[in-house]
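Subject: Structure to look through

Hi,

Here is the structure I promised to send you. Please open it next to this message and follow along.

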Amino acid sequence: MKYLTEYRDPEMAAAFIKEIQQITTRPWTLMEICGGQTHSLVKNGILEMLPDKITMVHGPGCPVCVTSIGVIDEAVYLAEQPNTILCSFGDMLRVPGSKKNLLEVKAAGADVRILYSPLEAVQIAKENPDKEVVFFAVGFETTAPANALSVIQADKMGVTNYSILASHVLVPPAMEAILSDEENKIDGFLAAGHVCTIMGMEEYYPVAEKYKTPIVITGFEPVDLLQGILMTVQQLEKGEYKVENQYTRYVQRAGNKMAIDAIQQVFAISDRTWRGIGPIPDSGYEVNERYKNFNARLKFKLDLPPAEENKECISGDIMKGLKKPKQCPNFGTKCKPEHPLGAPMVSSEGACAAYYHYSNTDNILK
Ligand code: SF4
């Protein structure tokens, strides 16, 4: 197939659904990793079309949802510093910190700017040499190359008033944390196609082998997702646990070498706390020693007190696949997109927002 519309073709989707129905003999629980995949599944009504034996649960692949309250507090603190411009992707502004969010800080007069690229922040730093400019560098492996390039660019340009607040998170350690949870009930994964476009497939083979769990790297359109589900169920029905690639139009086994080189030049692997899930060892990127002058945590000597999670939000259970959004007692009542209690109701990739906007069924497990 050559064109995007072909991956939205209703006849092809129907053929995959029929094949999934024909081969499914037992109940299987599958997790799609990425919030973009969750939105496509819910928005296109795929959950309702799958056989009852297939349960889709929604993973931690929404960067806004997993950025910890402590990191939001750090961003709020930086935004409130005098002579400081805090730049961020727009989704992060409404995510609650322990006391306030970035939007409230902006409304109170802080210079918080919404950007589409960290390279714009380097330019802002160049144009404002009397101010410190910080880019709030959140995201998975997908956004890490651009954030790394911004640091490399600032270094080359001699822009010393630029730094990043790195909050990168990595998919394979999160999959391992979910699979090793004693309550885990996931039989197979749809891995995130865009992450693997950057990082390739190699990191997934040991995970599939260790946990005897099939992993199918999958795209984001309805036909992609249905084919990914079919490939996963085919493996499960045969007792196999391989890494397969549905997203062949973008993903190559070795990934994107230039992007990986940029990441390795600027970042080091670090421990990271995931919102709702907790600390996961070696699950993030932090600015490395070579570029430490661009690390906002060091530049501003950040050492804030630990922040408590909102106990009313069960996002951790949702992102570990233990619950569905409508099983949260606050869904659609105390927690709505206009007044979110948790990040999954804020983000355009959050599972709770997907169900709130698109889910038609009253069945809380669909
Ligand atoms: S509905 Fe709101 S409170 Fe419940 S898990 Fe989702 S974001 Fe958290």
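Helix H2 crosses helix H16 in a right-handed sense. This is a predicted model, so please read everything below with that in mind. H2 covers residues 35–43 and H16 covers residues 351–358; their axes are 9 Å apart and meet at an angle of about 20°. Because angles under 35 degrees count as roughly parallel, H2 is roughly parallel to H16.

Which residues make the contact between H2 and H16? From H2 they are Gly35, Thr38, His39, Val42 and Lys43, while H16 brings in Ala351, Ala354, Tyr355 and Tyr358. Sorted by class, this contact of H2 with H16 holds five nonpolar residues, three polar ones and one charged one.

Next, have a look at the strands. E10 (residues 267–274) and E11 (residues 278–287) run antiparallel and are joined by seven bridges.

Finally, the ligand. How many residues are around the ligand, and which come nearest? There are 16, and the nearest are Cys313, Cys328, Cys335, Gly342 and Cys352. By class, the shell around the ligand is made up of 12 nonpolar residues, three polar and one charged.

Happy exploring, and write back with any questions!

Best wishes

Technical notes: Residues are numbered from 1 along each chain as its sequence is written. This is a predicted model: local features need pLDDT of at least 70, side-chain atom pairs count only at pLDDT 80 or more; totals for chains, interfaces and linings use all residues. A residue is near a molecule or strand if its C-beta atom, placed from the backbone, lies within 6 Å of it. Ala, Val, Leu, Ile, Met, Phe, Trp, Tyr, Cys and Pro count as nonpolar, Asp, Glu, Lys and Arg as charged, and the others, Gly among them, as polar. Axes are lines fitted to C-alpha atoms, for helices over the stretch in contact, and angles run from 0 to 180 degrees between N-to-C directions. Helices (H or I, at least four residues) and strands (E, at least two) are DSSP runs, numbered from the N terminus. Angles under 35 degrees count as roughly parallel, over 145 as roughly antiparallel, 65 to 115 as roughly perpendicular and the rest as oblique. A crossing is left-handed if the near helix is turned anticlockwise from the far one by less than a right angle, and right-handed if clockwise. Two residues are in contact if their C-beta atoms, placed from the backbone, lie within 7 Å. Two strands pair if DSSP finds at least two bridges between them.
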